[in-house]
Structures are given as structure tokens and as C-alpha cells.
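Here are my notes after a look through this one. Have the model open while you read them.

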Amino acid sequence: MAVSRIRRWRPTTPVITAVLLAAMPLIFISDFARAIQLRFCVMLLLLTGLNFINGYARMSSLAQAGFYGLGAYTAGILAARLDVPPALAFVAAPVLATVAALVIGAASLRLRATYFTMATLGAGYILYILFGRMTGVTGGPNGLLGIPALSVAGIEISGPLPMYVLAAVLALLGVVVAYNFERSRAGRALRALGASEPAAVASGVRAFRLRLFAFALSGCYAGVAGALETFDATFVSPSSFGFLTAVLCVVGLTVGGAGRAAGPLIGAALLTALDELGTEYAGYEMLIVGLVFLVVVQAFPGGVAGAAGARWPRRGARPAVARATEGSAS
Amino acid sequence: MNLLLQVVFAGLSVGAVYALVAVGFGVVANGTGAVNFAQGEYVMVGGVVAGVVHEVWHPPLPVSVLCAVAAGVVAGLVTELAVSRFSGARSAEIITIATIGLAVALKAAVLLLTDRKTYGLPHFLGERPLRVGGAVADTQTLWNLAVVFVVAVGLSLFFRRTRQGTILRAAADDPEVVTSLGVPFHSVARWVFVIAAVLGALGGAGLAPLSVMSYESGTLLGLKGFAAAMLGGLGNLYGAVIGGLVIGLVEAAVAGYGSAAYGDAVAFVILLIILFTRPTGLFSQRKVVRV
């Protein structure tokens, strides 16, 4: 590859994310605003994770809400019922969600895209039913109570601001990892696979392993999001992890721009705004969500980020396939 | 009371509705290659429309059912407009994902129009339950099974004996040939979505006497109906009927003999088992779904 030309510097997604996450608590300082900001971080983690499988690999997963709930309940049950140190419970959440994603992915990633979607839907729904019905373990529909405050090395992290700082740091870390992954060899191979499976496989990409890796990453991010949610709310209720949440994750990512670094950021902002609208205009917001999604999926498959990228292309930008296949055949 | 017979009756009555939904999934999958996430919402629309008409005007029952069918026709036409007119690229994946948006919008529209109210209908064949061998059978079960039977035979005749049915079968085998012979994609899509929506609406009207219908009744029914369609082999007419009845029966058995709490999980466990072990379904061996 030729030495790259000198390009005008443009803000990258991690930079924008860092500025946004740092500026938000300085501009809006009420506890109410802090709750919304934390919600945004959780959404950002969920969508950034989902972007690995739905965006880069182009296999639509509807299991994100299930992994999110698995993370939330793992952290909650370990900390509240089994007296595991909260910090350890926090770490266990993404671990278990990753393992669940590996198991579900190993069984379902050999299926064609549409059937994979249905398998993840089934798996996610079973998790949701278990959250609500295993009353002895999860507290059932009444929710899980008595979750202790999070503390690391004797320092207690509780209250709106410390929780937000933790969420912001984790969300930023997640975005940076995803951004670097997108540009790594594995990331390029994964995007090549999403663009054209036969071409990627012919270039030596191991399709199944790579997809499994992407799916496991999506589970891991959802696990972190779940643990954050649990220790912030100190309460877990099954209703947050149902089919609607799974659909909203896909909607947010698709409208934001699936397969693009900026997609989850835009999607998370939209979903957080929607959450607030929903409390005021119950019903109308879902009608708008459905209709907007319907149009975006068909007319703007790249979402907001894709439409913006087509309007203001990066100089020297080449099609993803050309970039992605480089270096994957050795 | 005879628990086994009771379980069988309960299973068949709701299984018949799953069967109608499953047949709808199959018809759409054959015509467009897509999985129609709005399928469950058709059931909801049918049930709610029949219930609203009954509650507001108190017409004879057949009129309420006919209104449900008419609502189904409209819902099918809306679906075709919504998923096949916006884009040139008609991949099955895009249509599948687009129907998720439509399902969300339909549900929200009914929520707003009905203000979250629930609706029911009287039994079609009289309120007095039948007593058979120590168990109680709801007369509505008989009606629902009869509808499934008539639908299966009728559709089978339609697909084999009529010109339009033959075109739809040809589209299922090779959509490109059918398009090149002058039948546009949206014509095929319109037919299959209307058929699927009418089946769903009939199921909804038949279910309304058994359990009240509201804007949120459709989603779970649709997902269970998909499990039934996969069990019988997606696109296989009789397979879908059997799949629906089997899922209804297993669900009733789990609720009757085991724990009612996990009844809802049955369909999804069956869906995963069939996807992982035999994704072509129990009876069909035609289509390759693994890559």
C-alpha cells in the first residue's frame, strides 16, 4: 500500500464520544439529567456491541436484550443473593454473557442469515421467560431487590455522579476498542465477510470463527451494560429485557448506521431521546419508531451515518471490500 | 375430570390458531423468501376489529368475522405497500427486517386507536361447553379446527387448480423466472401478504371468544406461529398445520402436567431444537437453510 496522503484531520468517533461524555455532565448537572446520561452510556454499550454482529458481520441478532438481561441478573444475583463482592459480580456479568453468546452462536451461526435472526430471537425470548418465571432465583416479575453499592478496593461507587463516571469510562473504552477493532486485521476480515461472503472466504477468511468472535463481543458489551444498569438502579426487573428491547436495539443501530463507527453513537442518542419522549407521549413514539425504521431499512440502509458519509465522503476513501480484503489473505 | 383429554382440547384450540399463523408464514416465505414479523399482528388486528365491531354495533357474529377478514385484506395490502415499494433492492433479509418496523407501527397504531382496551367475542357455536369423556371441550375449539381444515383444503386447491395459485407456486420455486415472464414482484407480494393477513385475521376472530384481544396480543402469537412453521418446514402447507397443532398440544401438556409458568417457553425451545438439528422442518427436505 502506498504511503497515505496527508489528509485533513477530522474528528473520529472515539474523539467525539470522549468530548460528548465529558461535556454532558458539565452542561446538565441535575440528578435527573445524570440518569439520562447514564442511560445513554448503557445504550451506547449495547449498540456498539450489537454493531459487531449486526453491522460488521451483517447477521442480524435479536438476542442483545437477552444478553443485557443476563448481565444485569448475573451481577444482581451474585451481589444480592450470594454475597459475592460487588466488583467481582460486576466482572462476572460480561463473562457469563460472553459464554452464553459463544454457546448460542456456536449452535446458530452456521444457519443462513434469516434463520440466525430467528434463532437469536428464540434464545433471547427463552432468557426473558427465565428472568420473569424463575421466581426463586430472579425475584420474578416483582424484580430483584437488595443490590449492594458497588465498591472497588474499598472505595464505594454510588450516587449519580460516580456511577456516571464509571459508565462513561466503560462506554468510551468500548467505543475505542470497537474503533480499533474495525481497523484491525480481524475487523477488516469481518467487514469483508459482511460485504461478500464468497469473496471473503475465497480470500482465506474463516467465516464461522470470525462471526462467533463478533457475536461473543456483542454479548460481552451487553453484559457490561447489564451490570452497569443493575448497580445504578440497585433493582432488576424482567420487563427491561423483552422482545421490544431487542427490537429497539436493532432499530437504534440501523437508524444510526449499522456497520459504521458513528452508527451506535447516533443510535444511542436517538434511543435515549425516545426513552424520554415515551414517558410523555405513550404510544405515538412507537408508531414513529416503526414507520421511521420501515423507511430507513429500505431507503437508507446505511442509516444516518451512512447517509452523512455519502454526502460528505472522506478523501481517499475506498469501498469497504477493497480495504477489508487487504491483508486477510496471507 | 380427565386431565389428558382436557389437555388435548386446550392444546388443539390454541394450536389451531398457531396453525393458521404458521400457514401464513409459509405462504409469505414461499412468495418473498422473507420471514414476516407482522404475521402475529394480523391476528391481533383481526381479533380487535371483530371485537370492536361486535361491541359498538352488535351485528350478527358472521358480520363481525367478515369485518375481521376485511381488516385482514387491508392489513395485507398495507404490508405489501410498506415493504416492497420503498426500495429497488428486494432481498429477503431487507423485507424481513422491514416487517419488524411494520409490526411495531401496527401495534402502536392499534394501541392509539383502542386506547389499550381489551375486546372479546361470544362463542360462535353457543356458550355451552361440550362434555366429552369426562372433560370439557369448548365449542370454539371445534370452530377453530374446522377453520384450519377448510383453510388447508381451500389453499391447497387454490395453489393447485387456479392460475394465480400456479403463479405463486412458480414464484416460490424460481422468482426470477416468474418476473421475467411478466409477473411483477409486487403482484406476487400483494397476493401472499393478503392471504397471510386474512388467515391471521380469521385466527384472531376465532381466538377472541377464548381470550380477550388487545393491541399487545399479537407479538407472542406470531413468534409461536413461526416456531410452528419451522417445525413443519417453512413453506409446507400441511406441515404448518401439524406444526401448529403439535406446539399447541405440547404447550398445553407442559402447562397441564408441569409448570404453567414455563408454557410460553415451549414454542421457543422447539424452535431452537428444530433450527439446530433439522432446519428444513420435520417433513420438508427441499430448501437449504445452512450455509
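1. Starting with the fold of chain A: there are 15 helices and 2 strands in this chain. Keep in mind that we're looking at a predicted model.

2. On overall dimensions, the C-alpha atoms of chain A sit in a box of roughly 60 × 45 × 45 Å along the principal axes. A compact globule of 330 residues would have a radius of gyration near 20 Å, and chain A, at 20 Å, agrees with that.

3. How much of chain A is buried? Of its 330 residues, 52% count as buried. As for the contacts in chain A between residues at least 6 apart in sequence, 79% of them link residues at least 24 apart.

4. One helix pair to look at is α3(A), residues 64-80, against α5(A), residues 113-133: they pack at about 35°, with the axes 8 Å apart. The crossing of α3(A) and α5(A) is left-handed. From α3(A) the contact uses A:Ala65, A:Gly66, A:Gly69, A:Leu70 and A:Tyr73, while α5(A) brings A:Ala123, A:Gly124, A:Leu127, A:Tyr128 and A:Phe131. By class that makes 7 nonpolar and 3 polar residues, with no charged ones.

5. Now the interface: 36 residues of chain B touch 34 residues of chain A. On the chain B side, α4 (92-114), α9 (218-232) and α11 (266-277) each supply at least two residues. Which helix gives the most to that side? It's α4(B), with 15 residues.

6. Last, the make-up of the side of chain B that touches chain A: its residues split into 29 nonpolar, 4 polar and 3 charged.

Note on methods
Residues are numbered from 1 along each chain as its sequence is written. Chains are lettered from A and ligands numbered from 1 in the order in which they are written. This is a predicted model: local features need pLDDT of at least 70, side-chain atom pairs count only at pLDDT 80 or more; totals for chains, interfaces and linings use all residues. Axes are lines fitted to C-alpha atoms, for helices over the stretch in contact, and angles run from 0 to 180 degrees between N-to-C directions. Helices (H or I, at least four residues) and strands (E, at least two) are DSSP runs, numbered from the N terminus. A crossing is left-handed if the near helix is turned anticlockwise from the far one by less than a right angle, and right-handed if clockwise. Two residues are in contact if their C-beta atoms, placed from the backbone, lie within 7 Å. Ala, Val, Leu, Ile, Met, Phe, Trp, Tyr, Cys and Pro count as nonpolar, Asp, Glu, Lys and Arg as charged, and the others, Gly among them, as polar. The radius of gyration is taken over C-alpha atoms; the globule rule is 2.2 Å times the number of residues to the power 0.38. A residue is buried if 20 or more other C-beta atoms lie within 10 Å of its own, exposed if 12 or fewer, and partly exposed in between; C-beta atoms are placed from the backbone.
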